Amino acid sequence: MEIESAGNEMRNLIIRKETKDDYYNAEYMTKKAFWNLHRPGCDEHYLVHLLRGSADYMEDLSRVAELDNKIVGGIYYSKAYVLDGNARADVLTFGPLCVDPDYQNKGIGGKLLEITIKEAREQGYKGIIIFGEPGYYPKHGFKTCDRYGITTKEGKNFDAFMGYEIVPNAFGDIHGEFYESEIFEQLYTDRVEEYDKKFPYMEKLKLPGQWS
Ligand SMILES: CC(C)(COP(=O)(O)OP(=O)(O)OC[C@H]1O[C@@H](n2cnc3c(N)ncnc32)[C@H](O)[C@@H]1OP(=O)(O)O)[C@@H](O)C(=O)NCCC(=O)NCCS
């Protein structure tokens, strides 16, 4: 168990592995963090549920944040790779990373990142590639993947597509197209809506700034 102090208010913050008893609370926290953020409603709580059952899920690296016996954040890692012709290089990805809206901007997201990146380094992993908030991750050392010669599997680059070199020059000899777990493409609307019934009702709203 890793105990972290991120300021007085956060003195009881614990960053630790998730247990089965956390599943519901962690998913509900995820729902609250993403609800109406990128689109009306969200599917990230269902994604967390699917990921845990996937062979690509990396339980050893994923962590939840607990504060005063409440799950207030989580980061979920999975296996991914970069393909260059026939050459395949394994990398990490994570998603979701989220913090309960009542506890955001207190350093919890940063702690989840910092601790898991340190753990990934100790476990010998070299690089992380994500689709994420372009305003947030550069503060933590992430850079857009165009500079590494890594594209999405569709051959694209954009600000939200970023990489982090866990060891210096990790992407020096990794180039090509990025593939994440197929789980990320299995978030079918009807299944998301059925799964969402486990959690308290929240109204779906169309808001400015959403992607869709
Ligand atoms: C993004 C998120 C994980 C950050 O965690 P957090 O604990 O709230 O953030 P931290 O306390 O570690 O960092 C706070 C800093 O990040 C900035 N920040 C927080 N969320 C941000 C966002 N979405 N975009 C840009 N900057 C952001 C804050 O302004 C603050 O900046 P400052 O240090 O210059 O004042 C959290 O806000 C969250 O869950 N958001 C909703 C879900 C989400 O967008 N997840 C990321 C998906 S890729």
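The structure is a predicted model. Around the ligand there are 19 residues, and the protein covers 69% of the 870 Å² of accessible area that the ligand has on its own. A search of the whole structure finds zero disulfides, and the peptide bond from Gly95 to Pro96 is cis.

**Ligand site**

- Of the 19 residues that surround the ligand, the closest are Val99, Asn105, Gly107, Gly109 and Gly110.
- On the nitrogen side, a polar backbone atom of Leu97 is 2.9 Å from a nitrogen atom of the ligand.

**Helix H1**

- Just after H1, Asn36 takes a positive phi of about 60°.

**Cysteines**

- With zero disulfides found in the whole structure, Cys98 is accordingly in no disulfide, and the nearest cysteine sulfur, that of Cys42, is 9.0 Å away.
- That 9.0 Å separation can be set against the cut-off for a disulfide, which is a pair of cysteine sulfur atoms within 2.5 Å.
- Cys98 has a relative accessible area of 5% and is therefore buried, since buried means under 20%.
- Cys145 also counts as buried, because its relative accessibility is 0% and the limit is under 20%.

**Backbone geometry**

- The cis peptide bond from Gly95 to Pro96 has omega near 0°, and the place of Pro96 is in strand S5.
- Asp68, in the loop between S3 and S4, has a positive phi near 50° although the residue is other than glycine, and its relative accessible area of 52% makes Asp68 exposed, because exposed means over 50%.
- Asn169, in the loop between strand S9 (161–165) and strand S10 (176–179), likewise has a positive phi, near 60°, in a residue other than glycine, and with a relative accessible area of 58% Asn169 is exposed.

**Surroundings of His175**

- His175 lies in the loop between S9 and S10, and its relative accessible area of 35% places His175 in the partly exposed class.
- Leaving aside neighbours within four places in sequence, His175 is in contact with Val82, Leu83 and Asp84, and also with Tyr148, Gly149 and Ile150.
- Although 26 residues apart in sequence, His175 and Gly149 are 5.2 Å apart in space, C-alpha to C-alpha.
- The side chain of His175 has a polar atom 2.8 Å from the backbone oxygen of Tyr148, and the side chain of His175 also reaches the backbone oxygen of Gly172, at 3.1 Å.

Definitions and conventions
Residues are numbered from 1 along each chain as its sequence is written. This is a predicted model: local features need pLDDT of at least 70, side-chain atom pairs count only at pLDDT 80 or more; totals for chains, interfaces and linings use all residues. Side-chain values use heavy atoms; hydrogens and water are left out. Helices (H or I, at least four residues) and strands (E, at least two) are DSSP runs, numbered from the N terminus. Buried means under 20% relative accessible area, exposed over 50%, partly exposed in between (1.4 Å probe, protein chains only). A residue is near a molecule or strand if one of its heavy atoms lies within 4 Å of it. A polar contact is a pair of N or O atoms within 3.5 Å; within protein, one must be able to donate a hydrogen and the other to accept it, and residues adjacent in sequence count only if both atoms are side-chain atoms. Accessible areas come from the Shrake-Rupley method with a 1.4 Å probe; for residues, only the protein chains shown count as cover. Contact means heavy atoms within 4.5 Å.
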